[in-house]
Amino acid sequence: SQVSVERLDALARDRRFVRNLDRVHGDLQDYLSGDRWYQRWAAEHPEAPAAIGYFSAEFGISKVLPQYSGGLGILAGDHLKAASDIGAPLIGVGLLYHHGYFIQSLNAQGWQQERYPVNDFYTLPLRLVKDSQGQDLKISVALPRGPVVARIWCVEVGRVQLYLLDTNIEDNQDAEYRDITDRLYGGDSVTRIQQEIVLGVGGLRALRALGLSPTVYHMNEGHAAFLTLALLKDMDGNEEKTRDKCIFTTHTPVP
């Protein structure tokens, strides 16, 4: 987005550059479309999951997409990248934060300073998901003060799609609801619970709205725990079937 039109025109006339670009593009298409380890393995194992929902509060994919604060996000981002490399049918689900996590620096006195740069989604490697009428695809989740609405963005992480929910939209007249996806780990305990409800319950509804029904659901830490209640409702209260569909991993095990 920061390259001038004149520079792009010059590159388009550079045959060496275009040849290299075509080669890189061809390599990418081979990576995205060819069978990989999982496809070969699944052919011999009919019980292999056709799709796996992977829920996390943060994803550390690239510094140009500041949706992470530390190790938990890097772990989640690495899971998506590794799944892409082996062809595993992982589907990422998270929240899209307008300020993300703060950037740290030290002042002249040695004290930490924090700043929260605003993320301009339209300059990031994201796309809005549209419905069949070409409108933004949205879902809603009931909260005590009324329903909160979220639109859905998609990040292509190689072969893996990561879907992120954004509540900072005009449909939410309540400023508190728009702020649910303002900052990663921001706000008070009420904000945190709202984020976790939108992630768990809203994330499942987003997958349903997209026509996706994962065989299993992986929760990276407890931030998406409300997913289990949404699944339980889908399963008509059958706890055993719900449990069979859920995987949970914790980042820092403690007694």
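Predicted model: local features only at pLDDT ≥ 70, side-chain atom pairs only at ≥ 80, totals over all residues.
Now look at what D174 pairs with. Side chains of opposite charge can pair when their charged atoms come close. D174 forms a salt bridge with R145, and the closest N and O atoms lie 2.5 Å apart. The two residues sit in distant parts of the chain, 29 residues apart. R145 is in the loop between strand 6 (138-143) and strand 7 (146-157). D174 is in the loop between strand 8 (160-166) and helix 5 (175-178).

R145 has another partner. R145 also forms a salt bridge with E176, with closest N and O atoms 2.6 Å apart. This pair, too, links distant parts of the chain. The separation is 31 residues, and E176 belongs to helix 5. Shared partners join R145, D174 and E176 into one network.

How accessible are the other two members? R145 counts as exposed because its relative accessible area, 54%, is over 50%. E176 has a relative accessible area of 31%, so E176 is partly exposed.

Turn next to K130 and D136. These two form a salt bridge, and their closest N and O atoms are 2.5 Å apart. K130 is partly exposed, at 44% relative accessibility. D136 is partly exposed as well, with a relative accessible area of 23%.

How many salt bridges are there by this rule? The count is nine, with a side-chain nitrogen of Lys or Arg required within 4 Å of a carboxyl oxygen of Asp or Glu.

Technical notes: Residues numbered from 1 in each chain as written. Heavy atoms only, no water. Buried < 20%, exposed > 50% of the residue type's maximum accessible area, 1.4 Å probe, protein only. Helix = DSSP H or I, 4+ residues; strand = E, 2+ residues; numbered from the N terminus.
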